[in-house]
Amino acid sequence: MRVLILGAGFGGLELATALDGALGAAVEVTLVDRADGFVFGYSKLDVMFGRATAEHVVHRYADRVPNGVRFVQATVTSIDPVTRRVETDAGSLDGDVLVVALGADLHPEATPGLLEAGHEFYTVAGAFALRHVIDAFPGGRVVVAVTSTPFKCPPAPSETALLVHDHLRRRGLLDVSTVSLAMPLGAPIPPSPSASAALLAEFAERGIAWHPGATVRSLDPQRRVAVLADGAELAFDLFLGVPVHRAPDVVVAAGLTEDGWIPVDPSTLRTRFEDVYAVGDVTSVGTPKAGVFAEGQAAVVAAQLVARARGESSAATYDGHGICYLEFGGGEVGKVDVTFLSGQAPTGALEGPSRALAADKAAFGTDRVRRWFGRDWRP
Ligand SMILES: Cc1cc2nc3c(=O)[nH]c(=O)nc-3n(C[C@H](O)[C@H](O)[C@H](O)COP(=O)(O)OP(=O)(O)OC[C@H]3O[C@@H](n4cnc5c(N)ncnc54)[C@H](O)[C@@H]3O)c2cc1C
C-alpha cells in the first residue's frame, strides 16, 4: 500500500511515524512538506520571549533518523482527490491512499494595516522576528489581539498577554506600560470554565485589560490604533496579532473544502473522496485547531490503515480527546484535559498552574521529538 501524506506538521509526522512503526516495509510512505523543518506552535512563544533560540526549536526533516518514510521537500501545487494524484514543484506523486494534513495558512495581509503598523506572532518568521522587536521595546501600550475565527490554539493569545507582562516586569517597564487582550471569544478558553476563571483572575491581578467578543478588523498606521469590528478602537505602541486563517489555496482549488475547511467523517477522518483522508487544522472536524487534536486524528487514520494493510477490520474511531498546556507566566503551566465530539458540550477542568506541569509540558515536546525525529531534545 502506498500512502501519500501532504504536510509534515503535527498530523503528518504522527501518521508517518505510526505507519512506519507498525508496518515497516509493508507500506510505502511518502511525506511531503514545503518547509525544511518542523516547529512546535508553543516554541514560537519561547523564541519571541527569549526563552529559546530559533536554531534550537527548528527540527529539520533532513536530520530525521533514516526510516522507511520518504520525505520530499516540495510545495504541493495541485491535488486531484479522485485519482489521488498530486503535482508539486518537484514533480508528480500519487498514492493508493492520500492524507491531507496541510494545516491552516496564515494571511496577515488580509487585515489592513497589520503588516505596516503591527506584528503577527503565528507564523514561524513572524514569531522569530518578534524576538528583537520585543527585546528592544522601550515600554508603552501593548495590544494582543485576534483578527478572525477560527484560529489555532485558542489559549495562545492569553498566554502571550501573560508572557509579555512577565517580560515587561523583568525589564522594569511595567510603570510605563499597559497590556490589553482582545479576543472574539466570550471567555479565554470557552470549553474550560475553570481555566477561563483562573486566567481572568490572573489578568485582573496583573492589570491586563480583557476585551471579550472583540475582533480587530484593521490597524490605522498613522493614528496607531486597532479598529474593532464594532468600530471601537484600541491604541497601541506594540501590536501582537493573530492573523486570518484559511485552508491552503491548493486544498480549496482541489474542491476538497466546504465553508472554508475540509469536511470529514468525525469518527474516521475520511473525506467524501474514496481513500482520501484529512486530519488537523485543515479540517472542520469539530475540535479546536491544535496540534494535540491533529495528532489524535492521525493516530486514528494510522490504525485504520494498519488494519487494512493486515487485512483486518479496524474499530478505531476518533474521540476528540486532547490535553492542552497553558503558560500562566512566572514559569508556571496549567493543564486542561478536554474531550470534544462526545455528543455533549465539552468541558475540561484546569489542573495547576504549577512548575511541575511546566516539566510535563517539556516532556510532551521531548517525547514527540524522540518519536518523530529519533533524537533527544529539551524545549
Ligand atoms: C503561537 C502558537 C502556539 C501554539 N501552541 C500549541 C500548544 O501548546 N499545543 C497544541 O496542541 N497546539 C498548539 N498550537 C497549534 C498547533 O501548532 C497547530 O494546531 C498544529 O501544528 C496543527 O497541526 P497540522 O498537522 O494540522 O498542521 P501543521 O502542523 O500546521 O502542518 C501543516 C504542514 O503543511 C505544510 N504545507 C502547507 N501548505 C503546503 C503546500 N502547499 N505544500 C507543501 N507543504 C505545505 C506546512 O509547511 C506545514 O508543515 C500553537 C500554535 C501557535 C501559532
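The chat below goes through the domains, sheets, ligand shell and backbone geometry of a predicted model.

User: What kind of model is it, and how are residues numbered?
Analyst: It is a predicted model, where local features need pLDDT of at least 70, side-chain atom pairs count only at pLDDT 80 or more, and totals for chains, interfaces and linings use all residues. Residues are numbered from 1 along each chain as its sequence is written.

User: How many helices and strands?
Analyst: The protein has ten helices and 23 strands. These are DSSP runs numbered from the N terminus: helices are H or I with at least four residues, strands are E with at least two.

User: What's the radius of gyration?
Analyst: It is 21 Å, close to the 21 Å that the globule rule gives for 379 residues, so the protein is as compact as a globular protein of that length. The radius is taken over C-alpha atoms, and the rule is 2.2 Å times the number of residues to the power 0.38. Along the principal axes, the C-alpha atoms fill a box of roughly 65 × 40 × 40 Å.

User: Which domains are assigned?
Analyst: Domain 1 is 2-104 + 247-319 and domain 2 is 107-245; the bounds come from an automatic or database domain assignment. Their C-alpha centres lie 30 Å apart.

User: How many residues does each put into the contact?
Analyst: Domain 1 gives 14 residues and domain 2 gives 18. Two residues are in contact if their C-beta atoms, placed from the backbone, lie within 7 Å. On the domain 1 side, helix α2 (residues 41-48) has the largest share, with five residues. That side holds nine nonpolar, two polar and three charged residues. Ala, Val, Leu, Ile, Met, Phe, Trp, Tyr, Cys and Pro count as nonpolar, Asp, Glu, Lys and Arg as charged, and the others, Gly among them, as polar.

User: Switching to sheets. What's the strand order in the one with β1?
Analyst: That open sheet has five strands in the order β5-β2-β1-β9-β20, with parallel pairing. Two strands pair if DSSP finds at least two bridges between them. The edges are β5 (69-73) and β20 (276-278), and neighbouring strands are turned by 20 degrees against each other on average, direction ignored. Three bridges join β9 (residues 97-100) to β20, and Val100 has Ala278 as its bridge partner.

User: Which strands does α1 touch?
Analyst: Helix α1 (residues 10-23) packs on that sheet and touches β1 (2-6), β2 (28-33), β5 and β9; its direction makes about 165 degrees with that of β2. Axes are lines fitted to C-alpha atoms, for helices over the stretch in contact, and angles run from 0 to 180 degrees between N-to-C directions.

User: And the ligand: which residues come nearest?
Analyst: Gly7, Gly9, Gly41, Gly103 and Gly280, out of 34 residues around the ligand. A residue counts as near if its C-beta atom, placed from the backbone, lies within 6 Å of the molecule. Helix α2 gives the most to the shell, with four residues. The shell divides into 19 nonpolar, nine polar and six charged residues, and draws at least three from each of domain 1 and domain 2.

User: Where are the cis peptide bonds?
Analyst: One joins Thr149 and Pro150, with omega about -5 degrees; Pro150 is in the loop between β12 (141-146) and α6 (156-170). Another runs from Gly352 to Pro353, with omega near 10 degrees, and Pro353 is in strand β23 (residues 349-354).

User: What about phi of Arg84?
Analyst: Phi of Arg84 is near 55 degrees, a positive value in a residue other than glycine. Arg84 is in the loop between β6 (76-80) and β7 (85-88).
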